[in-house]
Amino acid sequence: MQVIVITGASDGIGAEMARQLARRHGSGLALVLAARNAAALQEVARQCQADGAQVLVQATDVGVQDQCRRLIAAAAERFGRIDALINNAGRSGHALFEEVQDLGWYEDLMRVNLWGSVWCTHAALPWLKQSRGQVVAVASLAGLVGVPGRTAYGASKFAMAGFFESLRAELKPHGVSVTTAYPGVVATRIRYRGFNAAGGELGASSLKEEAAMPVEECAALILAGMAGRKREVVMTAKGKLGRWLKLIAPGLVENMAMAAVKAEARPHS
């Protein structure tokens with residue numbers, strides 16, 4: 001039986017990955033679903049169990065190191081192995097840096113997006129080495145290209161990219177693959193629940209949502225990358241183009257990033 005731990009599994013991309021994995025593997029799969037919202041996790045668990053998967057629900061705030069350790073310990077105690085860890089939990093935020101009133105929420109966001117992934121991966125490492133398993137990190141295109149208004153979010157995702165790129169090289173001799181996914185704008189509520197300049201909830205998206213990728217497509221692309229043990233999954237043509245254009249025409253890429261932001265959320269003189 002394949003045992004897969006997914007953080008941020010109560011909704012959005014994490015929940016959809018869980019459902020797709022359950023449909024694909026049925027009784028050959030054990031899922032460990034983690035997030036802060038236990039009630040929402042139970043609903044996702046019910047959906048996965050209907051497709052035959054075994055499910056352990058573990059209410060977890062990945063921004064707390066001890067809870068990350070407890071999550072991995074619970075998974076190992078229940079199923080005796082861990083084959084894959086999908087670090088998907090994350091928070092968003094949008095604010096022009098000059099308008100930020102309290103930098104404390106920058107630390108909170110970094111603790112969830114970066115440190116939550118680091119802590120969970122560190123705890124799971126002995127089990128993943130034993131199974132020659134897989135680590136998946138769900139970063140963002142904002143971890144490849146700077147986007148105005150996303151200094152905190154971009155910093156956390158650039159940090160994730162650097163951490164997991166280094167870790168990939170370290171784990172290669174142990175047969176553990178590391179896949180970093182870089183979604184663009186996906187049709188979830190993460191941006192609406194992100195931090196605003198004052199550290200409260202944004203309540204609206206500052207990005208143009210018209211061409212947002214369906215969450216089902218995003219989840220499928222990440223899982224395909226995981227199945228193929230790919231190094232990276234860059235999901236959109238614009239994302240792939242922007243990555244390489246950044247090397248030869250960085251000003252053009254900055255203009256592309258600015259165009260992705262709604263006019264009212266852009267920096268102004």
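Analyst: The side chain of S177 makes a polar contact with the side chain of R229, at 3.1 Å; such a contact is a pair of N or O atoms within 3.5 Å, where, within protein, one must be able to donate a hydrogen and the other to accept it, and residues adjacent in sequence count only if both atoms are side-chain atoms. This is a predicted model, in which local features need pLDDT of at least 70 and side-chain atom pairs count only at pLDDT 80 or more, while totals for chains, interfaces and linings use all residues. Residues are numbered from 1 along each chain as its sequence is written, and side-chain values use heavy atoms, with hydrogens and water left out.

S177 is buried, with a relative accessible area of 10%, since buried means under 20%, exposed over 50% and partly exposed in between, for a 1.4 Å probe and protein chains only. Leaving aside residues up to four places away in sequence, S177 touches G133, Q134, V135 and R229; contact means heavy atoms within 4.5 Å.

S177 lies in strand β6, residues 177-182. Strands (E, at least two residues) and helices (H or I, at least four) are DSSP runs, numbered from the N terminus. β6 runs parallel to β7, and three bridges join them; two strands pair if DSSP finds at least two bridges between them. T180 has E232 of β7 as its bridge partner.

The open sheet has seven strands in the order β3-β2-β1-β4-β5-β6-β7, with parallel pairing. β3 (54-59) and β7 (232-234) are at the edges with a single partner strand each, so one side of each is left without a neighbour in the sheet.
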